[in-house]
Amino acid sequence: MAQNAFDQLSKQYLEEFLAPIGTVQRQYEIPGEAKFVDVWFVPDPNRVQPDLGLLGQMVQSSCLLEPYRNAPTRTEVRVSVMKLIWIQEDERRKAQNPLPESDLPTLWILAATSFRPLLEEAGCFLKPDWIPGIYFMADLLKTAIVVIDQLPETEETLWLRVLGRDATQERAIREVLALPLDHPWRDRILRLLASWKVRIDLNEIENFSGQEALMALSEAFLQWEQQHEEQVRREERQEIARNLLRTNMPLETIAEVTGLKIAQLQQLQAQQDS
C-alpha cells in the first residue's frame, strides 16, 4: 500500500508541473496491453514553458515518467523499458509518415535512490552535457535513470528532489518553504505536500521511514494551512469592502472597518466600475 500511495502522489505532483505546458495522462494504458504508464507527457509547442529547471529540460519532447520511491528492481526497470517500446511502436503506427528516431518518446525512470550493481548491469553512463545523477542507457533504448539522491542540491533540481526520500526530501521541502511567498510554484507545491501529510496521518501511506522528512511535511502543512486561512480572511474582507463601496461610504471609513489599504479599496472600486 505504501508504494501505491506514493506512486499516486508522485503522479499528481508531476501533473501539477506538466499540465500547463502539454498533455498529461496518468495511468496511460498501453494500447492492446493490460499495462499502464505512470505518466505520459506530450509537450504543447504553443504553450510557453515556465522555468522548471532540470524537469523542464527532461520534458522537451514526449516522454514517459516512471517514479519510484524505493530503488527500482531489475524487473521494474525491464518492465519500464518494455512499456517504452510498446508506446514507441504505437506512435509509429499512428504516424502518417515515417517517424524519425529523434521524435520517438523517451523514458525517465525517477528513482529516489538506486544501487551501483543495477546501474552497471543496465550499462548506464553519465553524459557530460547533463548534471551528475542522471544515468543514461544505450542511445538505442532512449532511457535514463534519474537517481534523485545523487542530484546536486541546486535550484535547478529542486522540483525533482521533492520526490526523493528521507534527508534528500526533507532538505528539498525546506527549500520550498524558503521560497518567496510570491513564487509562482510555492503555494501549489505546498498544497500537494499538505495532502501528502494528511494521507500519512490517515495511514494511507504506511511505514513512512523519514522522520526528518515527516517533520518538514508537517511544517509545509502548517504553512499552507495558515496561508489558506489568510486568503479566506482576505477574500472575506474584500467582499465586505465591495458591499460598502456600493453604499458610497468614504474610503477612509471602509479602510477602518475592513483593515484594507486605501490603494486596495481604490483597486476594488475600479473593478466594480469597469
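Author: The accessible surface of the protein comes to about 14,300 Å², and 50% of that area belongs to carbon and sulfur atoms; such areas come from the Shrake-Rupley method with a 1.4 Å probe, and for residues only the protein chains shown count as cover. This is a predicted model, in which local features need pLDDT of at least 70 and side-chain atom pairs count only at pLDDT 80 or more, whereas totals for chains, interfaces and linings use all residues. Residues are numbered from 1 along each chain as its sequence is written, and side-chain values use heavy atoms, with hydrogens and water left out.

Reader: What percentage of the residues count as buried?

Author: Buried means under 20% relative accessible area, exposed means over 50%, and partly exposed lies in between, with a 1.4 Å probe and protein chains only. By that criterion, 43% of the 274 residues of the protein count as buried.

Reader: How many salt bridges does the structure hold?

Author: Side chains of opposite charge can pair when their charged atoms come close. A salt bridge is counted when a side-chain nitrogen of Lys or Arg is within 4 Å of a carboxyl oxygen of Asp or Glu, and the structure holds 17 of them. In one of these, the side chains of R188 and E16 meet at 3.0 Å, N to O. This pair links distant parts of the chain, since R188 belongs to helix 7 (residues 186–201) and E16 to helix 1 (residues 2–18), 172 residues apart; helices (H or I, at least four residues) and strands (E, at least two) are DSSP runs, numbered from the N terminus.

Reader: Which parts does the pair of R161 and E175 tie together?

Author: The side chains of R161 and E175 form a salt bridge at 2.8 Å, N to O. R161 lies in helix 5 (residues 158–161) and E175 in helix 6 (residues 166–177), so the pair ties together parts that are 14 residues apart in sequence. R161 counts as buried, at 1% relative accessibility, whereas E175 counts as partly exposed, at 26%. Elsewhere, salt bridges that share partners join D90, E91, R93 and K94 into one network.
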